[in-house]
Amino acid sequence: MYETLGLEMSPRAAALWLGLALGLAFGALAQLTQFCLRRAVVGPVEERASARGVWAMALAVSILGTQAAVALGWVSFDAHRFHVSALPVAGITVGGLLFGVGAVLARGCISRLTVLGGAGNLRALTALLVFAVFAHATLQGALAPLRSGLSAMTVDLGAQVGLGALPGGATVWAALLAAAALVVAWRSGAGAWLLAGAALLGTLAPLGWVGTGFVLHDEFDPIALESLSFTKPWADSLFWGVAASLIEPGFGVGLIGGVLAGALVAAIAARRFAWEAFSSPVQMGRTLSGSALMGVGGVLAGGCTVGAGLAGVPTLSVAAILALVSIVAGMWGAGVVEARVGGQPRTDHGAVPAE
């Protein structure tokens, strides 16, 4: 379809602008709704139900939108990495657990830290830099052998790479997952405006799939099929930041820049912008160790709570579902351990108060 748009730029350059636009919307909506899976799993007890409602509403809309795009023939995930028959069970499970534990230590998954960074949280910005370094090291650096070793431990799924291959087909399973998510959202007690914002946020994932896989599709200059995610985009942004003359920025770089800018604008508009720094060496150690675990875990799992969760699960991929379940298990386990050893109480924005 791209050739019919008449744009005087390459599909990759257009993908940069698409990523920027989606990032701006995500950053603003995530800031206003406090979108964060960690809060839904191990956040303050009085906030968990509302946080679950926000996340579930966004997931329901993402599922319906993504599968509608598939049904219309706009997008196909047959060749996508989420739908490979050789499922790297060890890598996804270990990576998901590491990411979940890291999110608890850092007081936020990587998408939430990106939003907090845009709102002036210097702890989050520092954590993001560490995350990007470890993610890049796991993709192409010193930790790549670890990734390769775990990824080699696979289970052959054959044709059963997604829920769409099960009895009932994609339509039935998408409807069941979306209905379950809507029930969670309805029973969460979250306000109507909050759920409306979450629904808008949920549309961004299918827009990303359609944008890169249909609107910007060019047989002579193909780009990757991708949507909202934070692991590889942060690694790409780091590499582009230090070697911009060697590579051309794409969708991921635009997405990260857009999320930071969108969160900044929303925070200023809502009068939530505030500079925040580490209050103690203990807090700094927890945050940086957590972000390092998320950097390694996000690559091994094939995505974060957004990449594998909000954007990945709607593809009905077994790999994405396993990654999300592993991440939630890691968060829950870390939360249980933290509670038993007298972990620090949480504030309403996902940070740790002064120790």
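Author: Happy to! Let's start with R81, which sits over the face of F82, 4.5 Å from the ring centre. A charge is counted as over a ring when NZ of Lys or CZ of Arg is within 6 Å of the ring centre and within 35 degrees of the ring normal. This is a predicted model, in which local features need pLDDT of at least 70 and side-chain atom pairs count only at pLDDT 80 or more, while totals for chains, interfaces and linings use all residues. Residues are numbered from 1 along each chain as its sequence is written, and side-chain values use heavy atoms, with hydrogens and water left out.

Now to ring against ring. The whole structure holds 6 aromatic pairs (rings of Phe, Tyr and Trp, the last by its six-membered ring, with centres within 6.5 Å; planes under 30 degrees apart are stacked, over 60 edge-to-face, the rest tilted). One of them joins F26 and F35 edge-to-face, at 6.0 Å between centres and 85° between planes. Both F26 and F35 are buried (under 20% relative accessible area; exposed is over 50% and partly exposed in between, with a 1.4 Å probe and protein chains only). F35 also pairs with W55: the centres are 5.8 Å apart and the planes are at 10°, so this pair is stacked. Because F35 belongs to the loop between α1 (11-33) and α2 (37-42) and W55 to helix α3 (residues 45-71), the pair ties together parts 20 residues apart in sequence. Helices (H or I, at least four residues) and strands (E, at least two) are DSSP runs numbered from the N terminus. W55 is buried, as is F35. Ring pairs link F26, F35, W55 and F230 into a cluster.

For the backbone, look at R107, a residue other than glycine with a positive phi near 65°. R107 is in the loop between α4 (89-106) and α5 (110-118), and its relative accessible area of 2% makes it buried. L316, not a glycine either, has a positive phi of about 65°. Its loop runs between α14 (305-310) and α15 (318-340), and L316 is buried at 3% relative accessible area.

One more loop residue is T154, between α7 (144-151) and β2 (155-156). With 40% relative accessibility, T154 counts as partly exposed. Beyond its neighbours within four places in sequence, T154 is in contact (heavy atoms within 4.5 Å) with A86, L87 and P88. T154 and L87 are 67 residues apart in sequence, yet 5.1 Å apart in space, C-alpha to C-alpha.
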